[in-house]
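Keep the viewer open and click along.

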Amino acid sequence: MADVFEGFSRFEFDDGRWSRSVWRMGAGPAVIVVHEIPGLHPGVLEFAREVAAAGMSVFCPSLFGEPGRPVSRGYGAASSLQIACVRREFNLWRGGKSSPIVDWLRALARQVHAECGGKGVGAVGMCVTGGFALAMMTEPCVVAPVLSQPSLPVTAKGDLDLSAEELACAKRRFETEDLSLIALRYKTDWHVQDGRFARLKAEFGARAELIELEDADANGYRVIPPHSVLTLHLDRDRPDGAGMAAARRVVAFFRERTGA
């Protein structure tokens, strides 16, 4: 486990409501990398290392699961069940509402921006946290939201997991501050059906950069069908492939927007 976190330092961040561990690496403007199910696994940390190598301070909070534990089918199922049945910090089922834990992430963004400087903070969410980066836009220091396979709400495939007020704030900031978002998915991913990407395009127009990959762009990981764009299914053996091009585009987006 120590090898998994080699090069990272750890601290606890408490916003007065929740306390979570955060792993940090690098120097420069801040980017918050929010993990997917089942937790802060080695693939998320590998992507975070690439962000740090590009000249940014990367912050990896652990919101659920066992930090550093490799992904397995059983671990993923157990983590999903825990979130669905126990965790009140997450809004899984209803559209038009963000998860309460987003408040904690906004507070983290304020702290790391004050510490790291730059033009603002980048944020990427993945899977159940995929929409968090957009909801975080009510925090003025967040300037670069990336939604990787945004999978919430579970039962409303065309909805977004943020409130009408949060959506309006993001749209207003995009126009007045000349900002934009990136969203990524595999086209066949039933967690992120066409309606959700169509909604992003309808709400944000040209300010939504939508990256959609084919199953053939994924690597040979078969525990789950193509889903995890920046981690489990990223084909690093094909540096000229569409998957790696998407990952490089996200890192470049963070550099551009944060001023790294």
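## Charges over rings

A charge sits over a ring if NZ of Lys or CZ of Arg is within 6 Å of the ring centre and within 35 degrees of the ring normal. Have a look at Tyr75: the charged end of Arg69 sits over its ring, 4.1 Å from the centre. Phe197 has a charge over its ring too, from Arg185, at 4.9 Å from the centre.

Some ground rules. This is a predicted model, where local features need pLDDT of at least 70, side-chain atom pairs count only at pLDDT 80 or more, and totals for chains, interfaces and linings use all residues. Residues are numbered from 1 along each chain as its sequence is written, and side-chain values use heavy atoms, with hydrogens and water left out.

## Aromatic pairs

Rings of Phe, Tyr and Trp (its six-membered ring) pair if their centres lie within 6.5 Å; planes under 30 degrees apart count as stacked, over 60 as edge-to-face and the rest as tilted. That rule gives 8 aromatic pairs. In one of them, Phe13 and Trp104 have ring centres 5.5 Å apart and planes at 70°, so this pair is edge-to-face. Phe13 belongs to strand E1 (residues 9-14) and Trp104 to helix H3 (residues 101-116), so the pair ties together parts 91 residues apart in sequence. (Helices, H or I with at least four residues, and strands, E with at least two, are DSSP runs numbered from the N terminus.) Both Phe13 and Trp104 are buried, meaning under 20% relative accessible area, while exposed is over 50% and partly exposed is in between (1.4 Å probe, protein chains only).

Which way do the rings of Phe90 and Phe132 pair, stacked or edge-to-face? They're stacked, because the planes are at 20°, with the centres 6.2 Å apart. Phe90 sits in the loop between helix H2 (73-85) and H3, and Phe132 in helix H4 (residues 132-135), 42 residues away. Phe90 is buried at 8% relative accessible area, and Phe132 is buried at 1%. Elsewhere, Phe5, Phe8 and Trp23 make up one aromatic cluster.

## The sheet

The strands form an open sheet of 8, in the order E1-E2-E4-E3-E5-E6-E7-E8, with mixed pairing; two strands pair if DSSP finds at least two bridges between them. E1 and strand E8 (208-213) are at the edges with a single partner strand each, so one side of each has no neighbour in the sheet.

Strand E7 (residues 181-186) runs parallel to E8, joined by 6 bridges.

## Helix H1

Helix H1 (residues 42-53) has 12 residues that should span 16 Å at 1.5 Å a residue, and the end C-alpha atoms are 16 Å apart, which agrees. (The expected span is 1.5 Å times one less than the number of residues.) Its buried residues include Val44, Leu45 and Phe47. The buried residues of H1 pack against E2, E3, E4, E5 and helix H7 (242-258), where contact means heavy atoms within 4.5 Å.

Two cis peptide bonds are worth a click: Ile37 to Pro38, with omega about 10°, and Leu152 to Pro153, with omega about 0°. Pro38 is in the loop between E3 and H1.

Cys127 isn't a glycine, yet has a positive phi of about 60°. Cys127 counts as buried at 8% relative accessibility. Gln149, also not a glycine, has a positive phi of about 40°, and counts as buried at 0% relative accessibility.
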